[in-house]
Amino acid sequence: MAASEENSALFPIFVLTLMALPLVPYTIVILFGAFKKKAAKINCQCSVCVRSGKYHKSIFKRISNFSTYSNLTLVLLWVVMAVLVYYIKHISTEVQIFEPFSILGLEHGASDSEIKKAYRRLSIQYHPDKNPDPEAHSYFVEYISKAYQALTDPISRENFEKYGHPDGRQGLQMGIALPQFLLNIDGASEGMLLLGIVGVCIILPLTISVIYLSRSSKYTGNYVMHSTLAAYYHLMKPSLAPSKVMDVFIKASEFMDIPVRRTDEEPLQRLFVLVRSELNLDLKNIRQEQAKFWKQHPALVKTELLLQAQLTRETAALSPTLQRDFRRVLELAPRLLEELMKMAIIPRPPVGHGWLRPAIGVVELSQSVVQAVPLSARKAAGGSSEGYAPFLQLPHFSEAVVKKIARKKVRTFQDFRDMTPDEREDLLTQVAGFSNSESHDVEMVLKMMPSVTIDITCETEGEEGLQGGDIVTMHAWVTLNRGNGLIRALPHCPYFPFDKEENFWLLLADSFSNDVWLSQKVSFMDESTEIIAVSKTIQESKEGSGASAREINVAVKEAIEKVKNGSRLVMGKFQAPAEGNYNLSSFCLCDSWIGCDAKSNIKLKVMKRSRAGTRGGLTADETPAMEDGIEEDEEEEEDDYDDYESEYSEDEEDTKETKSKGAVANGSTHNKGSGSSSDESGSEAD
């Protein structure tokens, strides 16, 4: 019984240990990440973002953000640990070692007469005949009598002095730290124990499995419904215009699940009047168009109007219930747009290429939603292929301000970015009427805007030429620079109520045929993960080419240094097409900023497939001898080559391409792009 009580007393300590082992390090990691995230100010610090309350939240918003399931569970576990510590500290049950001398109040080595005197003295105090108290009786029997017997019996005393116990040498005693009710199993306790085992070991895992399987059968890993992906896949068309991307985007099942209430009818009618000009309705048949619009599914009507409220910044007209639905739509928008982008660039049979035109339309819609800029603002106007949309993402800018600065021959956003800070300040204060603080806000946002550089090559491994059917490796370094020196940053988007990370899509595409040959998502938010990935990639690449260990280490160190300086490595493989000359374009599209996309041209010449061992290609040091007829054909192809022109953003005429000597079979380009109207250049084999 004593051993059982001792094990039961140790059970709280056992539970506390099991809880502390994972909980303490996990809490340290969470706190470290929170302090690190708080210390690194990667969000915009302009006055517009500060007033939006997006990053400096009230105490109620901080509490609501803290009140997540994981955080509340963490706090609850710490409360349980505190209760256990308090209980362990104040439990009355203690492990007592049998000490007969201490029980009789004697020193070690006391004589027999001293032992008898002490026993008689304690008997007068605790003997049942002298003291009727039951506790005194129990103490006399359990301790005093046993101590006297252990010290007066010669064998027991010798064992105690020699081994520390009256019964002699004791064997190893082990117990299990379980509560008393589990050790004394009888009728009711046995049933409770059985019920607990069945609940914890069978019912709980089965319930979790059912919930997980039911959810996984409905959602993908990106928390997007399978039905949404199926709809996006079937609705995506190669000729889908950017203005029609919205019609596909709103057909997500997540949007269809948003409730449509009777009380929403009147606020939606008012919102329709405010955003009607953005709905692409035919003005000649406006009544029929309006009737057709309202005949759609109510969820589609509601979703499109809420999205247009974001694009036109008409959110003040929304009722409180619509405000909640509005936030829900914007919360879902980033991941749904990402999946819609994947549906646009997913390889389709028979060639296995994605589609460029709808992919650009999806990115343009994402930019407009994040920056709250209407799609109509992207139409070419005033000599700018992008319209005035890039200006509207700057704080304090409006269409009237754009018209004012256009009179000073600042017609494109790139012209505005290329100005010096002093020139911009003079322009904004003297022409646009900005105050010094407003001009400072504009300068702050411009320094946050990324400038992307693409260094891309396409070549065959171990071969000099490029023939049809070869496996071509694309090797691209995408480098990001900002005026403020940051690499990891959140975009300036005060009208988007959630934190939005910048994501870039690198596409290698044929603009003429609308084919996307390669695509990959690029992120600059996680440097450590990228360092691990690029180290592994470079090491495997160098080992495959037979490089020495020293060469591999040097290459890995150079790659890591590039990553720390804001570069990301993108590699991909594709099969070379049939013989011919191909004018490809590399696009680096940002889903959060307007006017920060990079584009460059790269030309590939694929030769006819020859017999094994006879490549027929030229080395990089050789100058290809080309017949006049072939040169004329290539010039005609360049004249006929027409880049993709968005309905909202039209590319300016290509600048004269600078030709550089290089291998005919391998294409390479080292270009810096800023906006869809940036200068384009490529390296073409002479």
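## The protein as a whole

In this predicted model, 42% of the 686 residues of the protein count as buried. The accessible surface comes to about 38100 Å², and 55% of that surface belongs to carbon and sulfur atoms.

The protein has 26 helices and 9 strands. Among its contacts between residues at least 6 apart in sequence, 70% join residues that are at least 24 apart.

## Helices H24 and H25

Helix H24, formed by residues 527–544, and helix H25, formed by residues 549–564, have axes that come within 9 Å and cross at roughly 150°. Because angles over 145 degrees count as roughly antiparallel, H24 is roughly antiparallel to H25, and the crossing of the two helices is right-handed.

On the H24 side, the residues that meet H25 include Ile-531, Val-534 and Ile-538, together with charged residues such as Glu-527 and Lys-542. On the H25 side, Ile-552, Ala-555, Val-556, Ala-559, Ile-560, Val-563 and Lys-564 meet H24. By class, the residues of this contact divide into 9 nonpolar, 2 polar and 5 charged.

## Helices H14 and H15

The axes of helix H14 (residues 265–275) and helix H15 (residues 286–294) come within 13 Å and cross at roughly 140°, which makes H14 oblique to H15. The crossing in which H14 passes H15 is right-handed.

Leu-268, Gln-269 and Phe-272 of H14 make the contact with Gln-290, Phe-293 and Trp-294 of H15. This contact of H14 with H15 has 4 nonpolar and 2 polar residues, and no charged ones.

Conventions
Residues numbered from 1 in each chain as written. Predicted model: local features only at pLDDT ≥ 70, side-chain atom pairs only at ≥ 80, totals over all residues. Heavy atoms only, no water. Axes fitted to C-alpha atoms, helices over the stretch in contact; angles between N-to-C directions. Helix = DSSP H or I, 4+ residues; strand = E, 2+ residues; numbered from the N terminus. Parallel < 35°, antiparallel > 145°, perpendicular 65-115°, else oblique. Left-handed = near helix turned anticlockwise from the far one by under 90°. Contact = heavy atoms within 4.5 Å. Buried < 20%, exposed > 50% of the residue type's maximum accessible area, 1.4 Å probe, protein only. Areas by Shrake-Rupley, 256 points an atom, 1.4 Å probe, with all protein chains shown as cover.
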